[in-house]
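User: I'd like a guided tour of this model, one feature at a time. Please give me the general idea, then the case at hand.

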Amino acid sequence: MTSTVLNIAIDCTDAYALARFWTEVTGRPLHPDDEPGEPETQVLLAQGPVLHFNQVPEVKQDKNRLHLCLRPETSREREVERLLGVGATFVGDHRRPDGSGWVVLADPEGNEFCVLRGDSDRAASGA
C-alpha cells in the first residue's frame, strides 16, 4: 500500500491573496469556487498535486522546512526578474560561476522558494 500526495499545503494569513500571487508564478488558475475572503484556496497545477493555501492566525517566523523549487520555461535570471516584479522578495543567491545553482526568493508572506536554471540555461552550459 502507498499514499498519493493530494496537495501541498501552505499556511498563510491571507489565503486568497497568496494564492493569487502563486497563480502569477505558475500561470495556473485558482479553483473556480475560490473567492476573496475564503479561508482556504487552491491553485490548480497542470499536473501533480494542487497548491492548497490554508489561512491561519499566526505569521511565518522561521525558515521553511519544506519549499518549492521552480524550473522556469525561460532563463533563471529572466524568471527571477519577473517574480520580483509580481511581488516576490530576494532572499539569497546560490548561483555558481559555472552557471549552476539557484536563487532563493520569498512570496509576499515570506515563504521561501528556489528558482533553478531554466532549460535554456541548462542547454547553454551543456548540463
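**Reading the model**

Analyst: Let's begin with Asp 93, which counts as partly exposed at 42% relative accessibility. On this scale buried is under 20% relative accessible area, exposed is over 50%, and partly exposed lies in between (1.4 Å probe, protein chains only). A word on the source: this is a predicted model, where local features need pLDDT of at least 70 and side-chain atom pairs count only at pLDDT 80 or more, while totals for chains, interfaces and linings use all residues. Residues are numbered from 1 along each chain as its sequence is written, and side-chain values use heavy atoms, with hydrogens and water left out.

User: What makes a salt bridge here, and how many does the count come to?

Analyst: You look for a side-chain nitrogen of Lys or Arg within 4 Å of a carboxyl oxygen of Asp or Glu. By this rule there are five. Asp 93 is in one of them, meeting Arg 95 at 2.7 Å, N to O. Arg 95 also bridges to Glu 77, with the closest N and O atoms 2.9 Å apart. That pair links distant parts of the chain, 18 residues apart: Arg 95 is in the loop between S5 and S6, and Glu 77 is in helix H2. (Helices, H or I with at least four residues, and strands, E with at least two, are DSSP runs numbered from the N terminus.) Glu 77 has another partner in Arg 76, at 3.2 Å between the closest N and O atoms.

User: Which of these are buried or partly exposed?

Analyst: Arg 76 is buried, at 4%, while Glu 77 is partly exposed at 29% and so is Arg 95, at 33%. Shared partners join Arg 76, Glu 77, Asp 93 and Arg 95 into one network.

User: Next, cysteines. How many disulfides does a search of the whole structure find?

Analyst: The test is a pair of cysteine sulfur atoms within 2.5 Å, and the search finds zero. Cys 69 is in no disulfide either, with the sulfur of Cys 114 4.3 Å away; Cys 69 is partly exposed, at 45%.

User: What is the bridge partner of Cys 69 in S7?

Analyst: Cys 114. Two strands pair if DSSP finds at least two bridges between them, and S4 and S7 have three, in the parallel sense. They belong to an open sheet of four strands with mixed pairing, ordered S4-S7-S6-S5. S4 and S5 (89-93) are the edges, each pairing on one side only.

User: And what is a nonpolar core?

Analyst: Nonpolar side chains in soluble globular proteins tend to be buried together. The core is a set of buried Ala, Val, Leu, Ile, Met, Phe, Trp, Tyr and Cys residues joined through side-chain atoms within 4.5 Å. The largest one here has 22 residues, and those with the most contacts inside it are Trp 22, Val 43, Phe 53, Leu 83, Leu 105 and Phe 113. Helix H1 gives the most, with seven residues.
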